[in-house]
Amino acid sequence: MFHGVIMHRIHMTTSIPADDNLLLVGRQTIHALRRVLGRGLGEEAATCLQEAGYAAGEQIYGTFLKWLPEHTGLTDPGELDAEALEDVLSAFFQALGWGGVTVTQIGSAGLAITSTDWAEAEPAAGASLPSCYLASGMFADFISRLAEMPVAVMEVECRTRAEPRCRFLIGAPETMGAVYDAMMSGQDYESALAG
């Protein structure tokens with residue numbers, strides 16, 4: 001009886017459809033996972049976490065498809081107009097516990113997903129590089145499914161790096177490759193996407 005009350009309250013709070021394959025994992029668990037893998041694998045930890053995030057993208061997208069009708073009245077995410085996309089994605093990721101997001105167009109070929117409260121970020125860590133590796137992989141799979149075309153994702157700002165927000169750039173793989181190359185040569189990402 002007590003267990004059912006707790007589960008009902010969680011379901012009502014998150015409004016996420018029941019799914020036997022989803023787990024509720026705390027922020028501290030994700031932060032510890034990144035630290036432990038970083039100690040053991042060094043730079044390879046980023047790739048491992050991105051791959052894990054990418055693998056999670058399919059299931060998170062499936063949950064999104066179940067969640068969408070109740071919150072928008074739509075069954076096909078392709079029917080969402082660009083203006084509604086930000087509110088819908090923000091509500092969904094907040095319901096999952098990841099945090100709110102904004103979605104903005106950058107230049108003619110890029111999209112940015114930005115969050116000031118992204119759960120994967122650990123502001124006290126003082127990292128030298130953007131470190132939301134799980135989210136980068138998850139967004140790559142999730143947005144590829146949403147857009148019905150392959151996309152690449154690159155985090156360019158991160159609260160783990162003591163910045164005020166996490167920002168993920170999204171675009172065609174060749175576009176993101178060019179942005180990465182431009183950034184490595186000293187150009188900022190907004191200029192690289194404007195060109």
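How many helices and strands are there in the protein? The protein has 7 helices and 4 strands, where helices (H or I, at least four residues) and strands (E, at least two) are DSSP runs numbered from the N terminus. This is a predicted model, in which local features need pLDDT of at least 70, side-chain atom pairs count only at pLDDT 80 or more, and totals for chains, interfaces and linings use all residues. Residues are numbered from 1 along each chain as its sequence is written, and side-chain values use heavy atoms, with hydrogens and water left out.

**Figure 1. Overview of the protein.** Along the sequence, the elements follow the pattern α-α-α-α-β-β-α-β-β-α-α. Of the 195 residues, 41% count as buried (under 20% relative accessible area, with exposed over 50% and partly exposed in between; 1.4 Å probe, protein chains only). The accessible surface comes to about 10,700 Å², and 56% of this surface belongs to carbon and sulfur atoms; accessible areas come from the Shrake-Rupley method with a 1.4 Å probe, and for residues only the protein chains shown count as cover.

**Figure 2. Helices α2 and α3.** The axes of α2 (residues 27-41) and α3 (residues 44-72) come within 8 Å and cross at roughly 135°. Axes are lines fitted to C-alpha atoms, for helices over the stretch in contact, and angles run from 0 to 180 degrees between N-to-C directions. From α2, L33, R34, L37, G38 and L41 meet E44, A45, C48 and L49 of α3, contact meaning heavy atoms within 4.5 Å.

**Figure 3. The open sheet.** Its 4 strands take the order β1-β2-β4-β3 with antiparallel pairing; two strands pair if DSSP finds at least two bridges between them. The edge strands, β1 (102-106) and β3, each pair on one side only. From one strand to the next, the twist averages 25°. Helix α6 (residues 173-184) packs on the sheet and touches β3 and β4, its direction making about 30° with that of β3.

**Figure 4. Strand pairs within the sheet.** Strands β1 and β2 (residues 110-115) run antiparallel and are joined by 5 bridges; V103 has I113 in β2 as its bridge partner. Antiparallel strands β3 and β4 (residues 166-171) are likewise joined by 5 bridges, with E157 opposite R167 in β4. Strand β3 (residues 152-157) is mostly covered, 5 of its 6 residues being buried.
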